[in-house]
Amino acid sequence: MEAQPTTSRRWQLADRIGAVASFLCAIHCAALPFVLALLPLAGLEFLADHRFERAFVVFACTLALLTLGNGYRRHRRPRPLLLAFPGLALLLLGVTVAEQYPIAWHSALVTCGGVLVSCAHFVNLRLDRRAPHVHGPSCAH
């Protein structure tokens, strides 16, 4: 079995971080309506702040675009991007337009978006493992 280049491992780590972050975002948004009253008691009221949520979504979108774009350049399969783009759109819609609607709409949009982006990262990781390693001038071994 051939060793993968260090840069590929770094992208896979970034993909794993993106997958976990997106999944945690989805859980956060799904649970928020139920635990909203309990957050101040635990000192976690910042989790319900729209600024925190927007910053987290910007981080998730940036990480997804970087890692999934790089993954596409390696394996040339569009499936992760086809999952990510609707997910990113739902995330952005949820933290902008849907803030003016009932919290159930906001939570549904952002939860579905987070799940789609998380799935895109997992699919990207799986496709990376299946892609053959090609030796070239940028090969680290």
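Student: Is arginine 76 buried, partly exposed or exposed?
Tutor: This is a predicted model, in which local features need pLDDT of at least 70, side-chain atom pairs count only at pLDDT 80 or more, and totals for chains, interfaces and linings use all residues. Residues are numbered from 1 along each chain as its sequence is written, and side-chain values use heavy atoms, with hydrogens and water left out. Buried means under 20% relative accessible area, exposed over 50%, and partly exposed in between, with a 1.4 Å probe and protein chains only. Arginine 76 has a relative accessible area of 53%, so the residue is exposed.

Student: Where does arginine 76 lie?
Tutor: Arginine 76 has a positive phi of about 60°, although this residue is not a glycine. Helices are DSSP runs of H or I with at least four residues, strands are runs of E with at least two, and both are numbered from the N terminus. Arginine 76 lies in the loop between H2 and H3.

Student: What pattern does the chain follow along the sequence?
Tutor: The chain has four helices and zero strands. Read along the sequence, its pattern is α-α-α-α.

Student: Which helix gives the largest share of the positive patch?
Tutor: Patches are made of residues with over 30% relative accessible area and no salt bridge, with like charges joined within 9 Å and nonpolar side chains (Val, Leu, Ile, Met, Phe, Trp, Tyr) within 5 Å. A salt bridge is a side-chain nitrogen of Lys or Arg within 4 Å of a carboxyl oxygen of Asp or Glu. The positive patch on the surface consists of Arg16, Arg77, Arg79, Arg126, Arg129 and Arg130. Its largest share, three residues, comes from helix H4 (residues 103-130).

Student: Is arginine 77 buried, partly exposed or exposed?
Tutor: Arginine 77 is placed in the loop between helix H2 (50-75) and helix H3 (79-95). Its relative accessible area is 46%, and therefore arginine 77 is partly exposed.

Student: In which helix is valine 20 found?
Tutor: Val20, Phe23, Leu24 and Ile27 form a nonpolar patch on the surface, with about 370 Å² of accessible area together. Valine 20 is partly exposed, because its relative accessibility is 46%. Valine 20 is found in helix H1 (residues 6-35).

Student: How many disulfides are counted?
Tutor: A disulfide is a pair of cysteine sulfur atoms within 2.5 Å. Cysteine 61 is buried, with a relative accessible area of 10%, whereas cysteine 112 is partly exposed at 44%. By the distance rule, the number of disulfides is zero.

How values were computed: Accessible areas come from the Shrake-Rupley method with a 1.4 Å probe; for residues, only the protein chains shown count as cover. Lys and Arg count as positive and Asp and Glu as negative; His and the chain ends are not counted. The place of a charge is taken as NZ of Lys, CZ of Arg, CG of Asp or CD of Glu.
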